[in-house]
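Please keep the sequence and the structure in view while reading.

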Amino acid sequence: MAKKKQVGRRVEGWKAKSWYKVHTPDTLGKVYIGDTIANDAESVVGRIMHATLGEITNDYAKQYMKMSFKIENVTGDSAYTEFVGHEVTRDYLRSLVKRRSSRIDTIVLVVTKDGKKVRLTICTYTFARANISQEHAIRNAIIQAVAAQSGAWDLTTLLNGIVSGEISRDLFKAVKTIYPTRRVEITKSKVEPVAAPVDTT
């Protein structure tokens, strides 16, 4: 038996969806960074959006820093985000590496005073090749310096410190007396997801 014809006009899937304009958090000026499409506002929340710091600040010397944001809420056709991490490009990392020198990576987990867990990857670049004991000393100095400062950080303060380079400059001061250091760079950050509370009832 032949199928009955559908009554009424069928709306194509993409035509039934709406576009939402995505903006950065307040601390980065609520800058428009792109659009996302969805059936409704609820399905937009939680999406991850990316933009370079150069695009956000109109400073194209900072195109090497890729920022990640998660959509937190939607008002009308505007979606607003929170910072969830950053990473520098591979080309930029390669430009920092010099022959007969050391790159010393330190991974630190920071808990901000507003309860966010952020994993930082901090790279120290030396003028000459460091030995193992010097590398250990530099890593320990980085960890201690971050621990000493992080109690005063909330997520906004941490983001501002990464974007401005202020944290990197402070860490450079902490390690330059241990071994001749060319640069300290926070090459990656990631806000760790918070576990949902367990229902014990």
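Lys 30 lies in the loop between β1 (18-23) and β2 (32-38); here helices (H or I, at least four residues) and strands (E, at least two) are DSSP runs, numbered from the N terminus. The phi angle of Lys 30 is near 50 degrees, a positive value in a residue other than glycine. Most residues other than glycine have a negative phi. Lys 30 counts as partly exposed because its relative accessibility is 42%, where buried means under 20% relative accessible area, exposed over 50%, and partly exposed in between (1.4 Å probe, protein chains only). Arg 100, in the loop between α2 (90-96) and β6, also has a positive phi, near 55 degrees. With a relative accessible area of 62%, Arg 100 is exposed.

The model is predicted, so local features need pLDDT of at least 70 and side-chain atom pairs count only at pLDDT 80 or more, while totals for chains, interfaces and linings use all residues. Residues are numbered from 1 along each chain as its sequence is written, and side-chain values use heavy atoms, with hydrogens and water left out. The mean pLDDT (the predictor's confidence in each residue, from 0 to 100) is 90 for the chain, and 88% of its residues reach 70 or more. Over residues 1-11, however, the pLDDT is below 50, and this stretch has 1 contact beyond near neighbours in sequence; contact means heavy atoms within 4.5 Å.

Next comes the interior. A nonpolar core is a set of buried Ala, Val, Leu, Ile, Met, Phe, Trp, Tyr and Cys residues joined through side-chain atoms within 4.5 Å. The largest such core has 40 residues, of which Met 67, Leu 120, Ile 122, Ile 142, Val 146 and Leu 171 touch the most other members. Apart from it lies another core, of 7 residues, including Tyr 20 and Val 44. In soluble globular proteins, nonpolar side chains tend to be buried together.

Thr 106, in strand β6 (residues 103-111), counts as buried because its relative accessibility is 2%. Not counting residues up to four places away in sequence, Thr 106 touches Leu 120, Thr 121, Ile 122, Arg 139, Ile 142 and Ile 143.

The two pockets below are open sets of points on a 1 Å grid over the protein atoms alone, where a 1.4 Å probe fits, with protein on both sides within 12 Å along at least five of seven lines; lining residues have an atom within 4 Å of a point. Grid points are joined across faces, edges and corners, and a volume is the space filled by probe spheres set on the points.

| Pocket | Volume | Lining |
|---|---|---|
| Largest pocket | about 330 Å³ | 19 residues |
| Second largest pocket | about 220 Å³ | 15 residues |

Ile 48, Val 84, Gly 85, Lys 190 and Val 191 lie nearest the centre of the largest pocket. In the second largest pocket, that place is taken by Tyr 64, Gly 165, Ser 168, Arg 183 and Glu 185.

Ser 168 belongs to helix α5 and counts as buried, at 11% relative accessibility. Leaving aside neighbours within four places in sequence, Ser 168 is in contact with Val 184, Glu 185 and Ile 186.
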